[in-house]
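Here are some notes for a colleague who is meeting this structure for the first time. Please read them with the sequence and the model side by side.

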Amino acid sequence: MDTSIHPSAVEKPKTTPPLWRRILRLIVFWGVSSIDVMGIILTGLSILWLLVGDSNIFTWHFSSLMPGIIALTPFFVIFGLMKRRRWVVFHIVPAGLFVLLYGIFFIPRAPIVSADTPQLRVMTFNTQFKFQAEEIMRVILEADADVIALQELVQPTADYLAEHLADEYPYQISHIDPNALTQGKGLLSRYPLHNEVFLNYKNQINYLRVQIEFDDETVTIVTTHPSPPTWGPHYNNIYRSQHIDWIMDNLSQESGTLIVMGDFNTTDQSADYRQITAQYHDSVREVGLGLGQSFPDSTAWQKFQFIPPLIRIDYV
């Protein structure tokens, strides 16, 4: 009788994976689970927002965080399909919403005017009450714009720019109102500024308007800065809406070529944004490539430097 034991019949003792591998598996498990939960939440918010719009606190916050809040969902869908993961279904709705709302931003579009047409280059820049005037000047010079609108401008910065940019931008205007919530406004220009108007609304926001002559045409330029909404359980955008109503009333008195730029403290999915774009064109939506995110700015929000800009609140 053959009493030998075949190697295949021997039970191998079970070995415990090393600690680092168990920790790694746990991290992967909780990471994937978190993505699943996020997908379920975003699916619910997407459907609710499509049905009722900004009618409650949940959809208010949802639209105020777009596109950043749903920007990664298309990648989750692609990855899930490649790996045949079942949780991909949790991201289909928000991913579809992102493509529907923002897909056009990634399609190169032909210029509206020919290359030999004279072009006016403008820029809006929220200095965020900074006193780092050298850094602000560096950004301005790199942008090489013809007209620059400044928001949240403080007096020391305005004085520094007036002195150090006098050759590059010989025409400058600044209005510093420390009593207003959004404080100072400024304009730097390579073209003479005239017909200046400066308006204030209840010491909350202000409105700076000038005109320049460009290519034998009078161009009106306005910069302004509505207040941000109140976040949290008591979310409220009533002040921003009031400010935009006031801005629109002033803009309605303008005629001819008009450029409006500034920090509007709203995403492109709010009712306030739709009110503005019912009358005026959003330059990024018309000819831009990419989402144009401008908030949060890591240089101003030192505690959140690891967070890239997620939403667009600055407009031309």
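1. Two strands are taken to pair here if DSSP finds at least two bridges between them. On that basis this model, which is a predicted one, contains an open sheet of five strands, in the order E5-E6-E7-E8-E9 and with mixed pairing. Strand E5 (194–201) and strand E9 (314–315) stand at the edges, and because each has a single partner strand, one side of each is left without a neighbour in the sheet.

2. As background, the strands of a sheet pair through backbone hydrogen bonds, in either a parallel or an antiparallel sense.

3. Serine 189 deserves a look of its own, being placed in strand E4 (residues 184–189). Serine 189 counts as buried because its relative accessibility is 0%, and buried means under 20%. Its side chain reaches the backbone oxygen of tyrosine 191 at 2.7 Å. Leaving aside residues up to four places away in sequence, serine 189 touches Asp146, Val147, Tyr169, Pro170, Tyr171 and Ile212.

4. How many salt bridges does a search of the whole structure find? The search finds nine, and one of them joins the side chains of glutamate 168 and arginine 190, with an N to O distance of 2.5 Å. Glutamate 168 lies in the loop between helix H6 (155–164) and strand E3 (171–175), whereas arginine 190 lies in the loop between E4 and E5, so the pair ties together parts that are 22 residues apart in sequence. Glutamate 168 is partly exposed, with a relative accessible area of 34%, and arginine 190 is also partly exposed, with a relative accessible area of 24%.

5. Another salt bridge is formed by arginine 240 and aspartate 272, whose closest N and O atoms are 2.8 Å apart. This pair links distant parts of the chain, since arginine 240 is in helix H7 (residues 238–251) and aspartate 272 is in helix H8 (residues 271–277), 32 residues apart. Are these two residues, arginine 240 and aspartate 272, buried or exposed? Both arginine 240 and aspartate 272 are buried.

6. Arginine 312 forms a salt bridge with aspartate 268, and here the closest N and O atoms are 3.8 Å apart. Arginine 312 lies in the loop between helix H9 (283–287) and E9, and aspartate 268 in the loop between strand E8 (257–263) and H8, so that this pair ties together parts that are 44 residues apart in sequence. Arginine 312 counts as buried at 3% relative accessibility, and aspartate 268 counts as buried at 7%. Elsewhere, salt bridges that share partners join Asp144, Asp146, Glu168 and Arg190 into one network.

7. Lysine 130 is placed in the loop between strand E1 (122–126) and helix H5 (133–143), and at 8% relative accessibility lysine 130 counts as buried. The C-alpha atoms of lysine 130 and proline 156 are separated by 9.2 Å, although these residues are 26 residues apart along the chain.

8. A last point concerns the surface, where Trp20, Leu24, Val28 and Val32 make a nonpolar patch of about 380 Å². Valine 32 is found in helix H1 (residues 19–52), and at 31% relative accessibility valine 32 counts as partly exposed.

Conventions:
Residues are numbered from 1 along each chain as its sequence is written. This is a predicted model: local features need pLDDT of at least 70, side-chain atom pairs count only at pLDDT 80 or more; totals for chains, interfaces and linings use all residues. Side-chain values use heavy atoms; hydrogens and water are left out. Patches are made of residues with over 30% relative accessible area and no salt bridge: like charges are joined within 9 Å, nonpolar side chains (Val, Leu, Ile, Met, Phe, Trp, Tyr) within 5 Å. Accessible areas come from the Shrake-Rupley method with a 1.4 Å probe; for residues, only the protein chains shown count as cover. A salt bridge is a side-chain nitrogen of Lys or Arg within 4 Å of a carboxyl oxygen of Asp or Glu. Helices (H or I, at least four residues) and strands (E, at least two) are DSSP runs, numbered from the N terminus. Buried means under 20% relative accessible area, exposed over 50%, partly exposed in between (1.4 Å probe, protein chains only). A polar contact is a pair of N or O atoms within 3.5 Å; within protein, one must be able to donate a hydrogen and the other to accept it, and residues adjacent in sequence count only if both atoms are side-chain atoms. Contact means heavy atoms within 4.5 Å.
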